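Biologist: Can you walk me through this one? I'd like to start with the sheet and then go to the interface.

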There are 2 protein chains.
Amino acid sequence: MYHNDFYTPEVHGPYEMIGIGRLDLENGEVIENCELAVATRGELNEAKDNAILIPTWFTGTHQAWLESYIGPEHALNPEKYFIVIVNQIGNGLSTSPHNTDDESIAMSKFPFVSIGDDVVAQERLLREHFGVTELFAVVGGSMGAQQTYEWAVRFPDKVKRAAPIAGTAQNTPHDYLFTQVLMDAVTSDPGFNDGEYGSHEDVMEGLKRHARVWAIMGLSTEWWKQERWRALELESRDQAVREFLEPTFAALDPNSLIAMGRKWQYGDVARLRGDDLAAALGQITAKVFVMPISEDMFFPARDCAAEAELIPNAELRVIEDIAGHFALFNFEPTYMEQIDRHLGELFAS
Amino acid sequence: MYHNDFYTPEVHGPYEMIGIGRLDLENGEVIENCELAVATRGELNEAKDNAILIPTWFTGTHQAWLESYIGPEHALNPEKYFIVIVNQIGNGLSTSPHNTDDESIAMSKFPFVSIGDDVVAQERLLREHFGVTELFAVVGGSMGAQQTYEWAVRFPDKVKRAAPIAGTAQNTPHDYLFTQVLMDAVTSDPGFNDGEYGSHEDVMEGLKRHARVWAIMGLSTEWWKQERWRALELESRDQAVREFLEPTFAALDPNSLIAMGRKWQYGDVARLRGDDLAAALGQITAKVFVMPISEDMFFPARDCAAEAELIPNAELRVIEDIAGHFALFNFEPTYMEQIDRHLGELFAS
């Protein structure tokens, strides 16, 4: 346990820590006192049928959603919906390697948490804490899309609509290898010390290398070519790396990145139906808008399109965006309009 | 200087070491006694107008060309052409950090060699050693394509035809960053010791990480998805990484990878014409077939197409191949037929 300034309300705005008790994990391990960091907007209606769940992406928190996606001018309108953003386990805000006071799971001892474990935890949170047993929609990007698919397959009766953005139901072999490269960059830093560092600053070089891997995969070849960093008020490619990407990732907790990276690697709804992806996706009853991003380097649209084919009530809605996967951060002025248009249509159906 | 088994005729087949004397480098440094490792096939005709030059790619040697591309059944037919394959400086066979007996440039002291330096060296070799002052064609893949463009821009009167495969005349910002990630993987290994390791085996972990970066960028998302490693008689994704990619790169000399990586980063014909890419490409008189590979993750076809637009006598010939950049290794049965068809047409023009 150590203090990391990044994971505080000062940086992320207010959120609530909600205990859901003992969480038995898919692999047999246990989190005795699992706490989820939660932010909500809007109010649950009397029928309790207006709740939208948003799970978070790799390194992401509730903050990105509040800043860009949620508001009366957006499809995710808190005047109509009760919006619950749940930070994934291990993301640094919910129970995580660096913030838990349970020594048995601290730092390098943090157990393997699966996408399924997060969804089980979220279902319990919604039911026991908010009295929500049916979701108007689940909306998530990247690892949030993995959780969205997990919800729709695991709890088909509870999910009316689902919008997985820039993510897959079954992690691809390429993505597995990509995530390994991301983790290699961190764990190869001698300062990582097998997860038993004194603070994230001991792992600074590894975290910066990790950022540079994101530079080539999170953004697209064309984003760099067209110098779209100018829209972020950056003045050069190298400044974009050194003053934007590297500091962004260098602030994070290394064990948190590893916990999330491993979770991402093994995201796969097929395991819920004997490794049969078609059977798993075939049991989804939600209306699903599958929303890949056109220039995504590692969740290519064709992979998402192939999964959409296996879902009974799905439509493919490709988001055209030059930023690639990091389009999720709402860099381009044409991004949010597309998200709002598709989500608006999904919510109206 | 240390002995590395990989860089021997036992592994690469016969090649000749040809000294070209003192090479003054673009950045002001010097290689006092520059030796190029050269393999040839076929005979120079009396008119001395049937010579084809092939420069090598990152980590590549003459061997890949001899094994797959050259023969009486191929467009690169030694019964018609005098084919000269020149290993690039720093590739481990030509003068390189680990094999030079000039202490002033050994290991970490190896100077920055540019794409232009290689082309100057090759021009001297051809003229002084082989009496060749005009090239029927230059053909090169990846960093060999960078050298091919450099030839066509620097010596327009000497190059009749050019076939840059899977490479660009001006390195892209994304490629610059990608190459940095490749180099990071090696230099971050404490065993690298700023280039003063005892043998490449000291840098084994870094070389394996380097291999895993190639896994996600050298091959395509779709190659992994369709499990095309089966065609290489591998039995799983992880076996493809551990028993094919990792050993392939772990055999190499780390300083050699860095020398080539830096060279790649700065490949740019525009510097020959005051940083004006259009002016530089506009002075090419050769007939050029620009040949990107459809699934290439880091030399995307659109980048090559944009350059083709700037060359007076160029045609875009996209090679359709699921392997991505590593299509160059002739993994897929449909690859060489396309190469032969396009090169055959270029050579007949």
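**Sheet and interface**

Modeller: This is a predicted model. In chain B, strand β7 (residues 287-290) pairs with β8(B) in the parallel sense, over three bridges.

Biologist: Which residue of β8(B) is the bridge partner of B:V288?

Modeller: B:A314 is the bridge partner of B:V288.

Biologist: What is the strand order in the sheet of chain B?

Modeller: The order is β1-β2-β4-β3-β5-β6-β7-β8 in chain B. Eight strands make up this open sheet, and the pairing is mixed.

Biologist: Which are the edge strands?

Modeller: β1 (16-24) and β8 (314-316) of chain B. Each of these edge strands pairs on one side only.

Biologist: And by how many degrees are neighbouring strands turned against each other?

Modeller: On average by 20°, direction ignored.

Biologist: Which strands does helix α3 of chain B touch?

Modeller: Helix α3 (residues 115-130) packs on the sheet and touches β1, β2 (30-41), β3 (51-55) and β4 (82-86) of chain B. The direction of α3 makes about 120° with that of β1(B).

Biologist: New topic. What rotation superposes chain B on chain A?

Modeller: A rotation of 180°, with 0.0 Å of shift along its axis and an RMSD of 0.0 Å. That is the relation of a two-fold axis.

Biologist: Why do you say the copies meet through the same surface?

Modeller: Because 100% of the interface residues of chain B are also interface residues in chain A.

Biologist: How many residues are in contact, and what area is buried?

Modeller: 30 residues of chain B are in contact with 30 residues of chain A. The buried area between the two chains is about 2,900 Å². Carbon and sulfur atoms give 65% of that area.

Biologist: Which residues of chain B lose the most area to chain A?

Modeller: B:H174, B:L177 and B:I216. Together they account for 21% of what that side buries.

Biologist: How many salt bridges are there between chain B and chain A?

Modeller: Eight. One salt bridge joins the side chains of B:E222 and A:R302, at 3.2 Å, N to O.

Biologist: Which elements of chain B give two or more residues to the side that touches chain A?

Modeller: α5 (173-187), α6 (204-217), α7 (221-225), α8 (237-250) and α11 (301-308) of chain B.

Biologist: Which one gives the largest share?

Modeller: α5(B), with eight residues on the side of chain B that touches chain A.

Note on methods
Residues are numbered from 1 along each chain as its sequence is written. Chains are lettered from A and ligands numbered from 1 in the order in which they are written. This is a predicted model: local features need pLDDT of at least 70, side-chain atom pairs count only at pLDDT 80 or more; totals for chains, interfaces and linings use all residues. Side-chain values use heavy atoms; hydrogens and water are left out. Copies are superposed by least squares on the C-alpha atoms of residues with pLDDT of at least 70 in both. Contact means heavy atoms within 4.5 Å. Two strands pair if DSSP finds at least two bridges between them. Helices (H or I, at least four residues) and strands (E, at least two) are DSSP runs, numbered from the N terminus. Axes are lines fitted to C-alpha atoms, for helices over the stretch in contact, and angles run from 0 to 180 degrees between N-to-C directions. Buried area is the accessible area (1.4 Å probe) that two parts lose on being put together, summed over both. A salt bridge is a side-chain nitrogen of Lys or Arg within 4 Å of a carboxyl oxygen of Asp or Glu.
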